[in-house]
Amino acid sequence: MNPSGGLFWHLHAWRHQAQWAATCADIAQWLGQMPPVPERSSELVIVGASAGWMMPSAWLQGFGSVTTFDVDRWAAPLFQRRHGASLRASGTALRCNTADALTDMDAVLQAHPRALVLFDNVLGQLRFHTPTVDEASRRIEKITRRMHGRRWGSLHDAFSGRTQRQAQAAAPAMQRSIQKHQTHPTPGNAATRPVELGRFSRQLRAQGEWLDHLTDHVFPDGTPIHHIAWPYRPGYCHWLQAGWINP
Ligand SMILES: C[S@@+](CC[C@H](N)C(=O)[O-])C[C@H]1O[C@@H](n2cnc3c(N)ncnc32)[C@H](O)[C@@H]1O
């Protein structure tokens with residue numbers, strides 16, 4: 001059983017497209033702020049692509065080629081079904097792989113030396129794919145260290161948890177901050193998140209303790225971060241963070 005993908009995820013995403021429209025619009029806006037693409041033949045690699053439920057085909061059409069990786073066997077056919085026609089129309093080559101891209105990032109990076117790499121809502125899921133929280137944190141750190149010198153971005157869960165049920169209709173607008181140097185990791189409670197984002201946490205109408213997705217240190221110091229509300233289902237919300245790194 002895939003704890004962050006699989007048929008249940010696809011069904012849930014398909015059924016919630018209308019409810020997630022504002023979140024997807026925020027994501028599209030952030031995607032549009034990627035590092036400049038040097039040439040038309042530019043390549044995008046997406047890790048944890050699933051069916052690309054939350055990204056617009058129009059953004060993918062700007063690339064010369066798109067290569068996706070996902071361990072979920074339904075992801076590749078559904079990604080092709082969802083985005084294939086648009087990518088054929090724009091002449092964008094599409095290759096969808098059913099494979100674990102994170103265990104051997106070296107192989108992926110060597111095979112795609114000039115590609116922009118997008119971790120698409122996958123790094124925050126690693127705690128569900130790894131036996132212990134400490135090991136998950138180490139995996140995330142190893143992956144992000146390996147990305148040094150590359151152009152890359154990540155959209156991931158920072159926290160998730162219960163909200164007041166009416167919060168779905170009133171999800172806060174996207175907000176921005178800069179990744180600060182942290183000597184002591186913040187404990188996993190959205191309500192104790194530092195300072196300027198306290199407001200965002202209140203606007204999410206968080207209830208109780210939220211789950212920490214261990215992504216606090218994904219971005220290097222100084223990275224501009226977008227904070228996006230994702231009302232996953234009534235009474236339960238994810239706090240997404242998204243950033244681009246252009247060395
Ligand atoms: C929340 S979903 C991503 C949603 C997707 N970005 C979208 O817009 O539809 C997380 C995905 O990460 C995939 N995943 C988990 N570990 C992975 C790995 N090691 N390599 C590739 N994909 C992985 C899961 O199978 C799942 O499809």
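This is a predicted model: local features need pLDDT of at least 70, side-chain atom pairs count only at pLDDT 80 or more; totals for chains, interfaces and linings use all residues.
Begin with the buried residues of helix α7: the elements that cover them include α5 (105-111) and α6 (126-129).

**Helix α7**

Select residues 133-146, the 14 residues of α7. At 1.5 Å a residue this helix should span 20 Å, and its end C-alpha atoms are 20 Å apart, which agrees. Next, colour Ala136, Ile140, Ile143 and Thr144, which are buried in α7. These residues cover an arc of only 95 degrees around the axis, which puts them on the same side of α7. An α-helix has 3.6 residues a turn, so residues three or four places apart point the same way. Now turn to the other side of α7, where Asp134, Glu135, Lys142 and Arg145 are exposed.

**The ligand**

Select the ligand and display the residues around it. How many residues surround the ligand? There are 26, and the closest are Gly5, Gly48, Ser50, Trp53 and Met54. Colouring this shell by class gives 13 nonpolar residues, nine polar ones and four charged ones.

**The whole protein**

Zoom out and show the cartoon. The secondary structure of the protein consists of eight helices and nine strands. Its radius of gyration is 17 Å, close to the 18 Å that the globule rule gives for 247 residues, so the protein is as compact as a globular protein of that length. Along the principal axes, the C-alpha trace spans about 45 × 40 × 35 Å. Colouring by burial marks 38% of the 247 residues as buried. If contacts between residues at least 6 apart in sequence are drawn, 77% of them join residues at least 24 apart.

**The start of the chain**

Select Met1, which lies in the segment before α1 (7-15). Is Met1 buried or exposed? Met1 counts as exposed, because it has 5 C-beta neighbours inside 10 Å. Then draw a distance from Met1 to Asp157: these residues are 156 apart along the chain, and their C-alpha atoms are separated by 21 Å.

The phi of Asn121 is near 65 degrees, a positive value in a residue other than glycine. Asn121 has 24 C-beta neighbours inside 10 Å and therefore counts as buried.

Move on to Arg205, in the loop between α8 (198-203) and β7 (211-212). Arg205 is not a glycine, yet it has a positive phi of about 55 degrees. With 19 other C-beta atoms within 10 Å, Arg205 is partly exposed; a residue needs 20 or more to be buried.

**Helix α4**

The last stop is Ser90, in helix α4 (residues 75-90). Ser90 has 13 C-beta neighbours inside 10 Å and so counts as partly exposed. Ser90 and Leu60 are 30 residues apart in sequence, and their C-alpha atoms are 9.2 Å apart in space.

Definitions and conventions: Residues are numbered from 1 along each chain as its sequence is written. A residue is near a molecule or strand if its C-beta atom, placed from the backbone, lies within 6 Å of it. Ala, Val, Leu, Ile, Met, Phe, Trp, Tyr, Cys and Pro count as nonpolar, Asp, Glu, Lys and Arg as charged, and the others, Gly among them, as polar. Helices (H or I, at least four residues) and strands (E, at least two) are DSSP runs, numbered from the N terminus. The expected span of a helix is 1.5 Å times one less than its number of residues. A residue is buried if 20 or more other C-beta atoms lie within 10 Å of its own, exposed if 12 or fewer, and partly exposed in between; C-beta atoms are placed from the backbone. The arc is that of the directions from the helix axis to the C-beta atoms. Two residues are in contact if their C-beta atoms, placed from the backbone, lie within 7 Å. The radius of gyration is taken over C-alpha atoms; the globule rule is 2.2 Å times the number of residues to the power 0.38.
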